[in-house]
Amino acid sequence: MAKPLDGQVALVAGATRAAGRGIALELAAAGARVWCTGRSTRANPVTPGRSETIEETAELIEAAGGAAVAVRVDHQVEAEVQALAARLQAEEGRLDILVNDIWGGDELIDWGAKFWALDIAKARTILDQAMISHLITARHLAPLMVEAKRGLIVEVTDGEMSGYRGQLTYDLVKSSVNRLAYAMAWDLVGTGVTALAVSPGFLRSEAMLDRFGVTEANWRDGAKADPDFAFSETPHFVGRAIAALAADPGVGAKAGLALFADDLAEEYGFDDLDGSRPHFWRSVEARIAEGLAKEGKLDPAMRWLASSRYANIHMTPSRQDQARAYAERLGFEGLGAGLRPISNPSSPAVAKRNAGGP
């Protein structure tokens, strides 16, 4: 039976583990021949404490009946990416799907550090590793698509909204990845190539399973330590989101957007491996609504959760009523203008001011 991506060639940069591995597996399941790139090989694993390799990802694809090529590439090194592009052109003669999922920054983010206490050497490292590498990769692989007048470039990010992600370096990297997709979409107008960003929810990666002391077989036990873990998703879920986008002949209408895998599941009708359709933030917001509705002083955990979500959503026009409700309950009236909910451009007061009224 024909598959939606039969005959297409995909490259997943950062396919060693987590989202990258799930994306590679799902693109292959949809029929694409997938080039799996990254730094960790059996001969030279580079991430401390992690054993996953690009060869394993390719072998998982082949064991499931798909086609894969594993290539060791450091995407921070321009010469290596140039060589990858030349090899891809010589061996395949085409590239239909490019997924930038290079990260490896978990150990470089100090979540408790304010910007005036950051380790600048670590900040430089993560910017090079998880943002500049994306630019290098897109710069040298996009020409194969532009020349063919077709293709999809996906930036894998964390968070589809414009607000703050809780730590300056992390926010800078992930918002920059969204911005890369947006800016590339402008440059690609008229080429037939689409660029966009996609975010998973609470990803049940190999490292996250280890952190919770569970396996994929008994992962629900992790919710005993953190109730939000009950709403987590496998790396295959975001993979299915990207495969659905790649198979959509109208994907160009989404150029420049940052999209949430959970929302794409509703649009395209796919589920996670266990048949569920998780929606992490919808579940968290239900818990926040319940907590904020209680009388009296908020407990510290709820205040932190609601404040964090407020920071995510306060710049999103469709979330302004929600953001104002959060701000009122949290006592955020004294925030500076740039940190408050954005003005509703359709409100009578704003319309009057824009028209020159008092």
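This is a predicted model: local features need pLDDT of at least 70, side-chain atom pairs count only at pLDDT 80 or more; totals for chains, interfaces and linings use all residues.
Residues are numbered from 1 along each chain as its sequence is written, and side-chain values use heavy atoms, with hydrogens and water left out.

**First stop: H1 and H2**

Select residues 18–29, helix H1, together with residues 54–63, helix H2; helices are DSSP runs of H or I with at least four residues, numbered from the N terminus. Their axes lie 10 Å apart and the packing angle is about 30° (axes are lines fitted to C-alpha atoms over the stretch in contact, and angles run from 0 to 180 degrees between N-to-C directions). H1 and H2 are therefore roughly parallel, the term for angles under 35 degrees. Their crossing is right-handed, that is, the near helix is turned clockwise from the far one by less than a right angle.

Next, display Arg-21, Ala-24, Leu-25 and Ala-28 of H1 with Glu-56, Thr-57, Leu-60 and Ile-61 of H2, which make the contact (heavy atoms within 4.5 Å). These residues comprise 5 nonpolar, 1 polar and 2 charged; Ala, Val, Leu, Ile, Met, Phe, Trp, Tyr, Cys and Pro count as nonpolar, Asp, Glu, Lys and Arg as charged, and the others, Gly among them, as polar.

**Second stop: H3 and H4**

Move to helix H3, residues 78–91, and helix H4, residues 120–148, which pack at about 20° with axes 9 Å apart. That angle makes H3 roughly parallel to H4. The contact includes Val-81, Leu-84 and Leu-88 of H3 and Ile-136, Leu-141 and Leu-144 of H4. Its residues divide into 7 nonpolar, 4 polar and 2 charged.

Terms used
Helices (H or I, at least four residues) and strands (E, at least two) are DSSP runs, numbered from the N terminus. Angles under 35 degrees count as roughly parallel, over 145 as roughly antiparallel, 65 to 115 as roughly perpendicular and the rest as oblique.
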